[in-house]
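Dear colleague,

Please find the structure below, handed over for your review. My notes on what was found in it follow directly after.

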Amino acid sequence: MFLALIQKQMKILLRSPSEILILLLMPIVLILILSFALGSLMDGNSELDMIEMAVVEHGDEKVDFSSFIKENQNQFQLDAKSLGKMEESLPAGLLMKILTSKEMKEILQVTKIDDAELEKAKNSGEYSVILEIPEGFTLDYLNALIFHKKEPTLNVHFNENEQVTSSVIKDLLDLFQQQYTIHTLLGQNNLLTEDMDLASGEITSTIHSVDSTEKITASVYYTFSMTVMFILYVAGTIASQSFIEKSMNIFDRIVLARIHPIIYLLSILVSTIIIALLQVAILFAFANLVFKISFVQWELYLMLTVMLAIVVGGIAALLTAINYRFNSANASNLFSTTLVAIFAFFGGSYFNISSLSPVFSKVGMMTPNGAALDAYFSISQNGTIQEIVPNMTILFTMAVLLMLLAFVLFPKRGGTV
Amino acid sequence: MIEVVNLTKTFKKASAVDQVNLYVEPGEIVGLLGPNGAGKSTTIAMLSTLIAPTGGEVLFNRKSVVKQPSALRKVLGVVPQEIALYTELTARENLQFFGSIQKMPKQLLKKRIEIVLEQIGLENEPKKLVKHYSGGMKRRLNIGVALLHEPEYLIMDEPTVGIDPQSRNHILETVKKLNEQLNMAIIYTSHYMEEVEFLCNRIYIMDQGRVIASGTKEEIKAILSSENKVLLKLEKLSNQFLNELMKQPEISNIEGKESIVSFSVAKETNFLPMLLAICEKHKVLLKSFQVEEPTLEDVFLHLTGRTLRN
Ligand SMILES: Nc1ncnc2c1ncn2[C@@H]1O[C@H](COP(=O)(O)OP(=O)(O)O)[C@@H](O)[C@H]1O
Ligand SMILES: [Mg+2]
């Protein structure tokens, strides 16, 4: 019976391509980009140049959008306001907005070129980065978002001889964050509601220089930092899925089947732990294959990862409990769209924040991802178990508190409240 | 027997269900008829132990189930108004899941899944996810899930809303069969008068949180036994004509839409001379007229002054 609850959770997740995209593909892509882009920078040479970037747009986003709306106009009614908002938040336009924003002007020179010039641009080495937006990108994007169809692809070509600064990367992360927000608003509410409040597309960005005295290589740094960031999304994803069970009255059926609500909450906890462990296993296997990162002290890695996964399970349980108590998906949405980014910032997933101020590094240790990241670095530098005891203690305390709180908040009398 | 006594539910300050009394005996089909917002779903949610009443009792075989819901939950099948299914799973996977969490033995569940798929007419169910099903198929599966454990009581909340006539007929036939062949007691909620009239032996009519009439079909219609309903077809409706009709003391519930006018009139009244006189006076050409027995719809209109569907 408990097994059935867990199996169901796994099946549903595995059949949601957009969730897989966020939980697996996104971190892999970011680890790759960040490692290659920042590799030379982090390994000593930190001089910043103006980056020349070319953008080729093969299709027309507006055309994609209107054909998407036309194709699906029987499926959902949207008023002019929502349409306008959606149109403003289309991915290619959003990306261009970010790349040409005021903050980016100082480091990034963006040139729009057309298809014919593409091959020449690639060969000439004139540009450090060439961004190719394929035809039908926006259509694919919208279809993937709403109907879980084929995922859109974006081609990025780097000129290997040049360096890309961390702020480009930061903004790529911001972009991801924004798209995630839209995804969450549309996808997790399971439909297009009238008063969609889509992200406005306003970008704030600061330029950070990366501490070049860091001993850890970029690939190691970003493998661990992206892992501890993206593991958090598992909690948000599972909590939103479990709220759909409530909003669709499936939870009523579970209650009528005489499953105690606490058993249900436990199934959320356990499935989150399993999924988080699988995610980390895949990311580490990838890092091992591509960067030859070896996990020598594997027992320590395992211990730490299990502990982190339990914390993530606790977060999922707590978010589920809050969602159920207040009968709204606000808690899990806020977590996925905002809190993860804040945690990631303070936990050092974007860059080594402790180099800015020791206070920040203390704050970072109080986030689950920050505490885990610090411990992963210790282990990777042949640290002993003693060195990670404080981190493990922090994680353990968090796990206990989260689970207690979730247990207290979850409506325990099942249907009869 | 399931019974509710003085059942009341208040949300914040708004009263959704007010002092409702009703009962269901094994093997009968009971209808709960009322317009949207009448409090049917809220009543059913309390009846099926999903929300706690603000006041009153829910009794199963004379024992309260508000605090001890297990005994009732065991014999209850609930078909919610919304489609409560995993859209990312297939029909079989849904049934498998909901069967497993009820701790049904593997072999039994396997058999039951086949039987249920046949009962709901999905035996050749396509191997696709429920999200790709038509509305009618989803509705049927929504019913199927509630049938897995062979409940003694099946509670159905508007099971035919928003589907094509063919699926609707299939569902109505299924309900009738479940009752006749398996002696399943059924509580059937709807705002479609014809469905309730077709299926149910006993009927409760709800409006604004209260039961405003109850009894067998015949008993309820007897409320209007002294009246007949008259339908007129005119060439063209005029307002003066309607106004003049309204002035007549012997007729009531006058409604006029396009070229059709309807009203109620006491059975023994000879209203024809009066009607013809008014037609003559306002130069209205009467194309046909018809005298009908009252329907449940008319009873509702009589009791509330409103129609069921608004
Ligand atoms: N959870 C709730 N909170 C507040 N009001 C509710 C809630 N559920 C139902 N109501 C109100 O109670 C009344 C009865 O609703 P409902 O039982 O769904 O009627 P029906 O099923 O007959 O259409 C409606 O006015 C509805 O707005
Ligand atoms: Mg209802």
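A:Arg15 is partly exposed, with a relative accessible area of 26%; here buried means under 20% relative accessible area, exposed over 50%, and partly exposed in between (1.4 Å probe, protein chains only). B:Glu93, at 17% relative accessibility, counts as buried. The side chains of A:Arg15 and B:Glu93 form a salt bridge, with 2.7 Å from N to O, the term meaning a side-chain nitrogen of Lys or Arg within 4 Å of a carboxyl oxygen of Asp or Glu. Because A:Arg15 sits in the loop between helix 1 (2-14) and helix 2 (17-42) of chain A, and B:Glu93 in helix 3 (residues 91-100) of chain B, this pair joins two chains. Helices (H or I, at least four residues) and strands (E, at least two) are DSSP runs, numbered from the N terminus. A:Lys11, A:Arg15 and B:Glu93 are linked in a network of salt bridges.

The model is a predicted one, in which local features need pLDDT of at least 70 and side-chain atom pairs count only at pLDDT 80 or more, while totals for chains, interfaces and linings use all residues. Residues are numbered from 1 along each chain as its sequence is written, chains are lettered from A and ligands numbered from 1 in the order in which they are written, and side-chain values use heavy atoms, with hydrogens and water left out.

Over all chains, the count comes to 14 salt bridges. Another of them pairs B:Glu114 with B:Arg92 at 2.5 Å, N to O. This pair links distant parts of the chain, with B:Glu114 in helix 4 of chain B and B:Arg92 in helix 3 of chain B, 22 residues apart. B:Glu114 is partly exposed at 41% relative accessible area, and B:Arg92 is partly exposed at 27%.

Turning to the ligand, the residues surrounding ligand 1 include B:Phe11, B:Pro35, B:Lys40 and B:Ser41, where near means that a heavy atom of the residue lies within 4 Å. The shell divides into four nonpolar, five polar and one charged residue. Helix 1 (residues 40-47) of chain B gives the most to this shell, with three residues. An oxygen atom of ligand 1 lies 2.5 Å from an N or O atom in the side chain of B:Thr42. A backbone N or O atom of B:Gly37 is 2.7 Å from an oxygen atom of ligand 1. Taken alone, ligand 1 exposes 560 Å², of which the protein buries 54% (Shrake-Rupley method, 1.4 Å probe).

With kind regards

Note on methods. Polar contact = N/O pair within 3.5 Å; in protein donor to acceptor, adjacent residues only side chain to side chain. Nonpolar A, V, L, I, M, F, W, Y, C, P; charged D, E, K, R; others polar.
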